[in-house]
Amino acid sequence: MIRIYGIGGYEEVGRNMTCIEVDEEAIILDMGLYMDRFVALQEKGIEMSYENLLAEDAIPDDGAIAHLKKKVKGIVVSHAHLDHIGAIKWLYSRYNAPVITTPYTAEIIEKNAKVKKLIRVNINSSYKISRNIGIEFINVTHSVPQAAIINVKTKYGSILYGLDYKNDSHPIVGRKTNIKKLKELDDVLLLIADSTNANEEKKTFSEVIAKEMLRDIMLGMETSEHGIFITTFSSHIARQKSILSIVKTLGRKAVFIGRSMYDYIESAEKLKIVDFSEAEKMKIPKKNSRKLEELNKKKDEYVFIVTGGMGEKNAVLTQLADDKLPLKISPHDFVIFSCNVIPTPTIRANRQILEQKLHRKKARIFKDIHVSGHAAREDLRDLIKITEPRHILPAHGSIDKTASLAALAGEMGYELGKNVHIIQNGQSISI
Ligand SMILES: [Zn+2]
C-alpha cells in the first residue's frame with residue numbers, strides 16, 4: 001500500500017512538505033516556509049511561535065498525518081532553500097526521526113534549526129532508511145549547491161520527488177543533472193513534479209546566460225567612477241561565483257555583505273564547493289561602520305554584492321536605500337537586481353517600495369538580470385519522457401500552476417483523475 005499526502009506546497013509556491021506512507025512505515029519529504037507569510041509576520045513583529053506561524057499559514061499544517069507520527073522513519077530534504085528547510089525548526093520535534101540530506105543542505109539546516117540527528121548522504125548516493133524504504137539523492141541543477149531529485153525506493157516501484165529542478169547543461173557550480181541515472185530508472189511509479197514554471201512555454205536557460213547578462217552590463221557600460229551594487233539570492237552560490245569572476249575582469253574587488261549571504265557562502269567554502277578567498281565578506285554591516293566608511297571613499301574600486309533583492313525591511317539593500325549605513329548609493333550608481341521578484345503580495349509590495357527609494361536616489365536600476373532555477377514547460381516534458389512515470393503528481397505551485405502541468409501530462413497521454421492527480425494541502429492519494 002502506498003499513500004501520498006500533500007501537506008504543503010500544493011496550493012502555493014512555498015511551505016513544501018509531502019509524506020509518503022509505505023505499508024507500516026512513512027517518510028516526510030521537506031519541511032519548508034511560506035516566505036511571503038513569514039516575511040509578513042516578521043514585519044508585524046509577531047512572536048515566531050509554532051502556533052502563530054501555523055495560524056498565518058507560514059508553515060505546513062501536518063494535521064492530515066497526525067495518525068502517522070509513530071510510523072515516520074525519516075525526514076528527507078531535497079535542497080537548502082528556506083521553502084524546503086525553513087519549517088524544520090518548528091516541526092522537527094513533532095517526529096521521532098532523523099533528518100537525512102546532502103552535506104551542503106545539512107550545513108545550512110544546522111545554521112537554522114536544532115536537529116539532534118542529521119544524516120549526511122553524498123549526492124548521487126543511496127541510503128536505506130528502514131525495512132521498506134530506501135532513498136537516493138540524484139544530482140540535479142537548481143540555484144543552490146547539491147540539490148537533488150529524491151528517488152524513494154519501495155517494493156512497489158520508485159517515487160521520484162522532483163521538486164526544484166532544472167536541466168542546465170552548463171552549470172557554473174557542481175555537476176550537470178544526472179540524466180543518465182534518471183534514464184536508467186525503469187520502474188517509476190510516481191513523479192512528484194515541479195509546477196513552478198509549468199505554464200511558461202520555453203526551456204529554462206542555463207546559468208551561463210545570467211552570467212553573460214551581468215557581463216554585458218558590468219563590462220559593457222560606463223561604470224568608471226560609479227558605485228556598483230548587485231543583489232541576488234543569498235543561496236545562489238553559482239551567481240555569486242559568476243559575479244566574482246566579472247568583478248575581477250573589471251579590475252575591482254568584490255565585497256559580499258549580509259548575514260544570510262555570509263552563511264551560505266561560509267558553508268560552501270567549508271565544503272570546498274567554491275573559493276571566495278579573494279573577496280571581502282561582511283556578516284553584519286552595522287558592526288563594520290568604520291570599514292564601510294573607508295570603502296565609501298573609494299567606491300569605484302569595489303563591487304558590493306548585498307542581500308535584499310526582495311525588498312526585505314532589514315536587508316542590506318534596504319538599509320542602503322534608507323541611508324542607515326556609512327556606505328552610500330549616489331546618483332548614477334548602478335543597482336543590479338540579479339533576481340526575479342517572488343510574485344506574492346507582501347514581497348511585491350516591499351520590492352516596489354525599495355525601487356521607489358532607489359529612484360529618489362537617482363540610481364541606475366537594472367532588473368531581472370536573472371534566469372530561473374526551475375524547469376519550464378518544455379524541460380518538464382523532457383523529464384516526463386525520460387522517467388516514464390506511471391503516475392504524475394504536480395506540486396510546488398498554486399492550482400493554476402499544478403493544472404498547467406496536468407495539462408502538459410494530458411498532451412502526453414496521461415489522464416486527469418486516472419494517472420495525473422491534482423490535490424490540495426491536506427489531501428492524499430493512494431496508488
Ligand atoms: Zn529551491
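**Asp-164 and the zinc site**

Good morning. I begin with Asp-164, which is found in the loop between β10 and α6. Helices and strands here are DSSP runs, numbered from the N terminus: a helix (H or I) has at least four residues and a strand (E) at least two. The model is predicted, so to speak, throughout: local features need pLDDT of at least 70, side-chain atom pairs count only at pLDDT 80 or more, and totals for chains, interfaces and linings use all residues. Residues are numbered from 1 along each chain as its sequence is written, and side-chain values use heavy atoms, with hydrogens and water left out.

Let me turn to the metal. Which residues coordinate the zinc ion? The ligands are His-79 through NE2, His-81 through ND1, His-142 through NE2 and Asp-164 through OD, at 2.1 to 2.2 Å. Donors are N, O and S atoms within 2.8 Å of the metal (3.2 Å for Na, K and Ca); water is not among the atoms, so sites may look incomplete. Along the sequence, the spacing of the donor residues is H-x1-H-x60-H-x21-D. His-81, in the loop between β4 (72-76) and α3 (82-85), and Asp-164, in the loop between β10 (157-162) and α6 (179-184), link distant parts of the chain, 83 residues apart.

The site of the zinc ion is irregular, with angles of 83 to 165° among its 4 donor atoms. Four donors count as tetrahedral if all angles lie between 85 and 135 degrees; four count as square planar, and six as octahedral, if opposite donors are over 155 degrees apart and all others between 65 and 115; anything else is irregular.

Are His-81 and Asp-164 buried or exposed? Both are buried. The term buried means under 20% relative accessible area, exposed means over 50%, and partly exposed lies in between (1.4 Å probe, protein chains only). Although buried, Asp-164 has no salt bridge, and the nearest side chain of opposite charge, Lys-401, is 11 Å away. A salt bridge is a side-chain nitrogen of Lys or Arg within 4 Å of a carboxyl oxygen of Asp or Glu. For charge, Lys and Arg count as positive and Asp and Glu as negative, while His and the chain ends are not counted.

Asp-164 does make polar contacts through its side chain: one with the side chain of His-79 at 2.9 Å, and one with the side chain of His-396 at 2.8 Å. A polar contact is a pair of N or O atoms within 3.5 Å; within protein, one must be able to donate a hydrogen and the other to accept it, and residues adjacent in sequence count only if both atoms are side-chain atoms. Beyond its neighbours within four places in sequence, Asp-164 is in contact (heavy atoms within 4.5 Å) with residues including Asp-83, His-84, Asp-194 and His-374.

Ser-235 sits in the loop between β12 (228-231) and α8 (237-250), and its side chain joins that of His-81 in a polar contact of 3.2 Å. Ser-235 counts as buried because its relative accessible area is 7%. Among the other residues that Ser-235 touches, outside four places in sequence, are Ser-143, Pro-145 and Tyr-264.

I move on to charged pairs. How many salt bridges does the structure hold? There are 33. In one of these, the side chains of Lys-155 and Asp-23 meet at 3.4 Å, N to O. That pair links distant parts of the chain, 132 residues apart: Lys-155 lies in the loop between β9 (147-154) and β10, and Asp-23 in the loop between β2 (17-22) and β3 (25-29). Lys-155 is exposed, at 62% relative accessible area, whereas Asp-23 is buried, at 16%.

Asp-333 forms a salt bridge with Lys-299, their closest N and O atoms being 2.6 Å apart. Asp-333 is in the loop between α11 (316-321) and β16 (334-337) and Lys-299 in the loop between α10 (289-297) and β15 (302-306), so the pair ties together parts 34 residues apart in sequence. Asp-333 and Lys-299 are both buried.

Arg-381 and Glu-411 also meet in a salt bridge, at 3.1 Å, N to O. This pair joins helix α13 (residues 377-387) and helix α14 (residues 399-411), 30 residues apart. Finally, Glu-12, Arg-15, Arg-37 and Asp-57 are linked in a network of salt bridges. Thank you.
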